Amino acid sequence: MGRVTERRKVIRIRDGAVSTRPDTLVAEEPLEIRLNGKPLAITMRTPGDDFALAAGFLVSEGVLGAADELQNIVYCAGATVDGSNTYNIVDVRTAPGVVIPDITLERNVYTTSSCGLCGKASLDAVRTTARWSIDDTHGDTAPPVRLGTELLASLPDRLRAAQRVFDRTGGLHAAALFTEDGELVDIREDVGRHNAVDKLVGRALQNGSLPLSRTVLLVSGRASFELAQKAVMAGIPVLAAVSAPSSLAVDLAAESNLTLVGFLRGTSMNVYAGEHRIALQAAAARS
């Protein structure tokens, strides 16, 4: 535990001067996720928040959607020949009566970048497994989510200010969850953007906060189809990224009523889908 960073020797060259010094690097180790004792998936991740990561992963796969569907999560002992625990294998136990979908098939559909399936199959997979529609109110009397461009523009700086490990390593992605008023709810870091999002969603599941129907998810880097999928599966209405989205992410956002914002840098941003949640008229009046 506590292996978020590690120290390695590095030869540093600056303006022709050579020196040797220790450098702080982000840790990267495999995590095997088992479901009710059966191996399910392996992901490369930064150790920490492993239980939340596993829970969030299962939310994105359509297995879990409420805290009472989760019985417990434990590290598996005996992961090495000598029986010691590496803390790199977790077993998620679902509560009695929880129906387990055909995850193998659905994961093959989701991993479109490697499996070669068409985009339509990927969109259909999310549509058939999503528990909630992207709904701003879910029957409440509150008005739909409406975000000003100034508020959106302020979020990357708030995310960056909250990144602790990045300051020491420069090697971590971050995912942050904000309220519609810009208040930081949670932030997670990981060597993989998708893992950081899973950690956020998993903590929300454990806290009984799903669906995250009035929140904004901000990710460092680009917005892939996988990240859009995870937002939809958690009921998040707004996904923003500091870099570009993929074409399939835009397609999924448009079909799922997800607001997708990319290239969120300074006062500039591109709105690719769900523009009804962005106060565009007010922004145009100031320009």
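Which residues of α7 are buried? Keep that question in mind while you make the selections below; the model is predicted.

**Stop 1: helix α7.** Select residues 193-206, which make up helix α7. This helix has 14 residues. From its first C-alpha to its last it reaches 20 Å, close to the 20 Å expected at 1.5 Å a residue. Now show the side chains. The helix is mostly covered, with 11 of its 14 residues buried. To answer the opening question, the buried residues are R193, N195, A196, V197, D198, K199, L200, V201, G202, A204 and L205. Then select G208, which follows α7 and has a positive phi, near 70°.

**Stop 2: the open sheet.** Next, find the open sheet of six strands, whose order is β8-β7-β9-β10-β11-β12 and whose pairing is mixed. Select 184-190 for β8 and 268-273 for β12; these two stand at the edges. Each has a single partner strand, so one side of each is left without a neighbour in the sheet. On average, neighbouring strands of this sheet are turned by 20° against each other, direction ignored.

Stop 3: Strands of a sheet pair through backbone hydrogen bonds, either parallel or antiparallel.

Stop 4: V18 is found in strand β2, residues 17-26. Is V18 buried or exposed? V18 counts as exposed because its relative accessibility is 59%, and exposed means over 50%.

Key. Residues numbered from 1 in each chain as written. Predicted model: local features only at pLDDT ≥ 70, side-chain atom pairs only at ≥ 80, totals over all residues. Heavy atoms only, no water. Helix = DSSP H or I, 4+ residues; strand = E, 2+ residues; numbered from the N terminus. Expected span 1.5 Å × (residues − 1). Buried < 20%, exposed > 50% of the residue type's maximum accessible area, 1.4 Å probe, protein only. Pairing = 2+ DSSP bridges. Axes fitted to C-alpha atoms, helices over the stretch in contact; angles between N-to-C directions.
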